[in-house]
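Visitor: I would like to learn how to read a structure of this kind feature by feature. Could we begin by looking at it together?

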Amino acid sequence: MLEMKTLDRPDERRDFPHGHLEAVHLAGCDFAVATFEPGWRWSQDVGPIAGTESCQMNHNGYVVQGHLHIRMDDGTEADVGPGEVFVCSPGHDAWVVGDEACVAYDFEGQTAKEYAKGKEG
């Protein structure tokens with residue numbers, strides 16, 4: 001099988017306060033590009049949509065621009081920035097650091113399907 005899509009025409013776009021997510025869906029792989037504007041924080045901008053106290057998605061990510069601070073529910077925290085690849089398990093909050101938008105690629109299949117969607121889907 002060979003399948004290709006372009007991010008110039010994503011399969012879907014999901015808007016949420018201070019940001020948006022664009023996703024392409026391929027057989028066995030979903031790929032998302034998330035743009036988080038300055039002031040974005042998961043617990044304030046996406047948490048109310050998800051209906052959980054912390055993000056319950058796994059993220060396999062790559063930061064293209066800007067910086068995110070991630071705090072795990074167990075208190076572990078770190079900043080990620082341009083050129084950094086990260087894995088973040090469920091149970092975290094995150095927010096943009098500084099005055100530049102953060103653009104991150106996410107290679108985790110469920111993120112593209114479920115991120116920033118309400119319980120009804």
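Predicted model: local features only at pLDDT ≥ 70, side-chain atom pairs only at ≥ 80, totals over all residues.

Visitor: Where is V85 found, and which residues is V85 in contact with, leaving aside its neighbours within four places in sequence?

Guide: V85 is found in strand β7, where strands (E, at least two residues) and helices (H or I, at least four) are DSSP runs numbered from the N terminus. Contact means heavy atoms within 4.5 Å, and, with neighbours within four places in sequence set aside, V85 is in contact with G61 and Y62.

Visitor: How many helices and strands does the chain have?

Guide: The chain has three helices and nine strands, and along the sequence they follow the pattern β-β-β-α-α-β-β-β-β-β-β-α.

Visitor: In what order do the six strands of the open sheet stand?

Guide: To read a sheet, one first asks which strands pair, and two strands pair if DSSP finds at least two bridges between them. Here the six strands form an open sheet in the order β1-β2-β3-β9-β4-β7, with antiparallel pairing. Its edge strands, β1 (12-16) and β7 (85-88), each pair on one side only. Neighbouring strands of this sheet are turned by 25 degrees against each other on average, direction ignored; the axes behind such angles are lines fitted to C-alpha atoms, for helices over the stretch in contact, and angles run from 0 to 180 degrees between N-to-C directions.

Visitor: How many bridges join strand β3 to strand β9?

Guide: Five bridges join β3 (residues 29-36) to β9 (residues 102-106), and the two strands run antiparallel. Within this pairing A32 stands opposite D106, and the bridge partner of F36 is C102.

Visitor: Why is β3 largely enclosed by the rest of the structure?

Guide: Seven of the eight residues of β3 are buried, so the strand is largely enclosed by the rest of the structure. For the chain as a whole, buried residues make up 41% of the 121 residues.

Visitor: Which three strands form the other open sheet, and in what order?

Guide: They are in the order β6-β5-β8, and the pairing is antiparallel. The edge strands β6 (77-80) and β8 (92-97) each pair on one side only, and the twist averages 20 degrees from one strand to the next. Strand β5 (residues 67-72) pairs with β6 over four bridges, and H69 stands opposite D79 in β6.

Visitor: How many aromatic pairs does the count come to?

Guide: Rings of Phe, Tyr and Trp (its six-membered ring) pair if their centres lie within 6.5 Å, and planes under 30 degrees apart count as stacked, over 60 as edge-to-face and the rest as tilted. By this rule the count comes to five aromatic pairs. The rings of F36 and W40 have centres 3.9 Å apart and planes at 25 degrees, so this pair is stacked. F36 is buried at a relative accessible area of 6%, and W40 is buried at 3%. Y62 and Y105 form a tilted pair, 6.2 Å centre to centre with 35 degrees between the planes. Y62 lies in β4 (residues 59-65) and Y105 in β9, so the pair ties together parts that are 43 residues apart in sequence.

Technical notes:
Residues numbered from 1 in each chain as written. Heavy atoms only, no water. Buried < 20%, exposed > 50% of the residue type's maximum accessible area, 1.4 Å probe, protein only.
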